[in-house]
Amino acid sequence: MHRDWAAASVKILGAAAIHPDHATLIGVLDNAPLRLPHILAWALSTGGVLIDGLSVFMLGIAIPLLERSMALTPIEIGLLGAALVAGAVFGASLGGRLADRIGRKSVFLLDMSLLVLAAVLCALAWDPWLLICAQLLVGVGIGMDFPVSSSYVAECMPHRDRSRMMVATIASQSVGMLLAAVVALGLLHLSGDMNAWRLLFVSEAVLASLFLVARLQLPESPRWLIGQGRNREAVHALERLVPEDRQMLENLATRLGNTIHQVSKLTDPAQKLGFAVLFSTAYRRRMLLSTLPWLLMDIATYGVGLFTAVLLASLHFGGHNSNLITHVETLTAGSGLIDISLLLGFLIGMWAVARFGRIRMQMVGFAGMAVGMSVLLLSTVLPGGAAQHIGLVFTGFIVFNLSMNMGPNSTTYILPAELFPTQLRATGAGFAAACAKIGATAGVFLLPLIKNSLGVSMVLGLMAVVSLLGLLSTWVFRVEGHGRTLEELHQSDLP
């Protein structure tokens, strides 16, 4: 059977001159059944994505309390939200490049350590600018984790389960939001005072600490190891994931020695794989597909997600309760109810992305996001305003979130990890995530300013336009690779 996997892989990889023993190792990894060790490795890899959702929700809930306790100005509120995602711009680029150089696990531990420190600083902050700086560090830690988690899951999961497990990874973002809603409601109820926001940030530190300790047991990516010529270490990592003949794997490692496994679209296999390669003819189209739609999606995703509670308040959900804590609890419950649709969208995406492909679901999702924002816009222009059309308000939010997560929020996370080779995978995913966070930074910084100057209707209209631009850019730069293995994606020009 091992010879069959090797022969099939060599045939697929064609002229790439892949060592047959490397082909066997890849075959073992790709054709393995999904087992408990895979599930545990996947769960530990989701930490940064889960904390991303939790931190966005927690900050959105903390902002009304911070406005009162720290007397925040609109500019400071905008900077507070923007710092979280601005830090991710630097973090994603740094984390992706480091992961390709020093390994996936090392960066997993580094970014969680940074998140623990940053969350503690947020909880102890006594000044708006210190809080902004601490949120910047939170963003750096989250940004570092994004390209590593997508690369790790893509490289370690069996081929037939890869898309579902990758959608499940980004789905952890909505799990983090729902977890944040439950934790925030409990902490707000127990505290009942203006300093409850400190407890919200403490909960982030506790969660990051748990992931940091648990990740010490995480195996390194076998694909990354063989891409570095560390074949014996790759075999040991593979043994932790796949029930295979240990002696057979050890024999493969002995024969391979320090032979490097490299599969890419570059004509010169000796070319150094760095940021410059992303702009080469071989990968330029893939880079544009990976970056532009994700940037546009994050303008809408983070702008609407971070300020869901603020938008609900602007649309008069929860009334005008004079008790701020009670009002914030109401907004938290409303935001949490809306965010259930995020998880439902991901559950649909786990089936639909594997069934219909990344490109098709990305375009369908962007179209649905535009519809959702249009429904919200309609609620603001009808007689009586949004306060008289709460049903439309919730429908618009739910359609937007459902479409986003079954489409572009899943697929923009998956595509960079599949479209770039192993030695460049995290670098490409990190660059794409950094570009996306530039869009997110613009969204969260400008949204409250636009809302204050031009009204919430203008915000909703702009988000609908941004969603349509995401659909258009996906169509223009589409690369169809549905159903192919990671190695097959780099052997020919795809349509």
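A charge sits over a ring if NZ of Lys or CZ of Arg is within 6 Å of the ring centre and within 35 degrees of the ring normal. Take that rule to K437. Its charged end sits over the ring of F146, 4.5 Å from the ring centre. R478 does this too: its charged end sits over the ring of W475, 3.6 Å from the centre.

Now the ground rules. This is a predicted model, in which local features need pLDDT of at least 70, side-chain atom pairs count only at pLDDT 80 or more, and totals for chains, interfaces and linings use all residues. Residues are numbered from 1 along each chain as its sequence is written, and side-chain values use heavy atoms, with hydrogens and water left out.

Confidence next. pLDDT is the predictor's confidence in each residue, from 0 to 100. The protein chain has a mean pLDDT of 80. In this chain, 83% of residues reach 70 or more. Helix α3, residues 36–45, has the highest confidence, at 94. Helix α1, residues 2–13, has the lowest, at a mean of 42. Over residues 1–16, pLDDT stays under 50. The model has 24 contacts for that stretch beyond four places in sequence, a contact being heavy atoms within 4.5 Å. Residues 315–322 are also below 50, with 19 contacts beyond near neighbours in sequence. Where pLDDT is low, the predicted coordinates should not be read in detail.

On to the overall build. There are 20 helices and zero strands in the protein chain. These are DSSP runs, numbered from the N terminus: helices are H or I of at least four residues, strands are E of at least two. The chain has 495 residues, and 60% of them are buried. Buried means under 20% relative accessible area, exposed means over 50%, and partly exposed is in between, using a 1.4 Å probe and protein chains only. Take the contacts between residues at least 6 apart in sequence: 82% of them join residues at least 24 apart. S69 is found in helix α4, residues 47–69. It is partly exposed, at 33% relative accessible area.

Rings of Phe, Tyr and Trp (its six-membered ring) pair if their centres lie within 6.5 Å; planes under 30 degrees apart count as stacked, over 60 as edge-to-face, and the rest as tilted. How many aromatic pairs are there by this rule? Five. F146 is in helix α7, residues 128–156, and Y413 is in helix α18, residues 408–419. The two are 267 residues apart. Both F146 and Y413 are buried. W351 and F356 also pair: their ring centres are 5.4 Å apart and their planes are at 90 degrees, so this pair is edge-to-face. W351 is exposed, because its relative accessibility is 52%. F356 is partly exposed, at 30%.

Salt bridges. The rule is a side-chain nitrogen of Lys or Arg within 4 Å of a carboxyl oxygen of Asp or Glu. The count is 12. Start with D145 and R215, whose closest N and O atoms are 2.8 Å apart. D145 lies in helix α7 and R215 in the loop between α9 (196–214) and α10 (222–227), so the pair ties together parts that are 70 residues apart in sequence. D145 and R215 are both buried.

R162 and E418 form another salt bridge, 3.0 Å from N to O. R162 is in helix α8, residues 162–191, and E418 is in helix α18, 256 residues away. Are these two buried or exposed? R162 is buried, because its relative accessibility is 4%. E418 is buried as well, at 5%. There is also one network: salt bridges with shared partners join D100, R104, E155 and R425.

R164 and D161 bridge at 3.2 Å, N to O. R164 is partly exposed at 33%, whereas D161 is buried at 10%.
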